[in-house]
Amino acid sequence: FKGRVGIRCVHCKHLPRDQQGTGAVFYPRNIRGLYRNVCTWQRVHFKLCTCMPESAKQKYKMYKENDKTRGRTSYWESSALALGLRDCQGVNGRGGIK
């Protein structure tokens, strides 16, 4: 996925790929789906990551329970665009973010 934006778990990135938990790395296909992709990543990978400290898991849980901005995809989209990220058409018609 050369040139595409990827999101990787900082806690297990040092492990060989086959020892990282499910979903340790993912490459969003477009900016519009970024929020939903991150939510899925958090829901799936955070539970399985053996390297993530318990304190980080508890902090995530607290934010999830108390954050009133959850579900505001427009914030994620506008923030990504403000950072200079853009949707792109990849090889073989596969999209991505650059």
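Is Arg 43 buried, partly exposed or exposed, and at what relative accessibility? Arg 43 counts as partly exposed, because its relative accessibility is 45%. Buried means under 20% relative accessible area, exposed means over 50%, and partly exposed lies in between, with a 1.4 Å probe and protein chains only.

A word on the model. It is predicted, so local features need pLDDT of at least 70 and side-chain atom pairs count only at pLDDT 80 or more, while totals for chains, interfaces and linings use all residues. Residues are numbered from 1 along each chain as its sequence is written, and side-chain values use heavy atoms, with hydrogens and water left out.

Now the overall picture. The protein chain has 3 helices and 4 strands. Helices are DSSP runs of H or I with at least four residues, and strands are runs of E with at least two, numbered from the N terminus. Along the sequence, the pattern reads β-β-α-α-α-β-β. The C-alpha trace spans about 40 × 35 × 20 Å along its principal axes. Of the 98 residues, 26% are buried.

On to helix α1, residues 34–48. Arg 43 sits in this helix. His 45 counts as buried because its relative accessibility is 0%. Its side chain reaches the backbone oxygen of Thr 22 at 3.0 Å.

Last, the surface. Arg 36, Arg 43, Lys 47 and Lys 64 form a positive patch. Patch residues have over 30% relative accessible area and no salt bridge, and like charges are joined within 9 Å. A salt bridge puts a side-chain nitrogen of Lys or Arg within 4 Å of a carboxyl oxygen of Asp or Glu. Helix α1 gives the largest share of the patch, 3 residues.

How values were computed:
Patches are made of residues with over 30% relative accessible area and no salt bridge: like charges are joined within 9 Å, nonpolar side chains (Val, Leu, Ile, Met, Phe, Trp, Tyr) within 5 Å. Accessible areas come from the Shrake-Rupley method with a 1.4 Å probe; for residues, only the protein chains shown count as cover. Lys and Arg count as positive and Asp and Glu as negative; His and the chain ends are not counted. The place of a charge is taken as NZ of Lys, CZ of Arg, CG of Asp or CD of Glu. A polar contact is a pair of N or O atoms within 3.5 Å; within protein, one must be able to donate a hydrogen and the other to accept it, and residues adjacent in sequence count only if both atoms are side-chain atoms.
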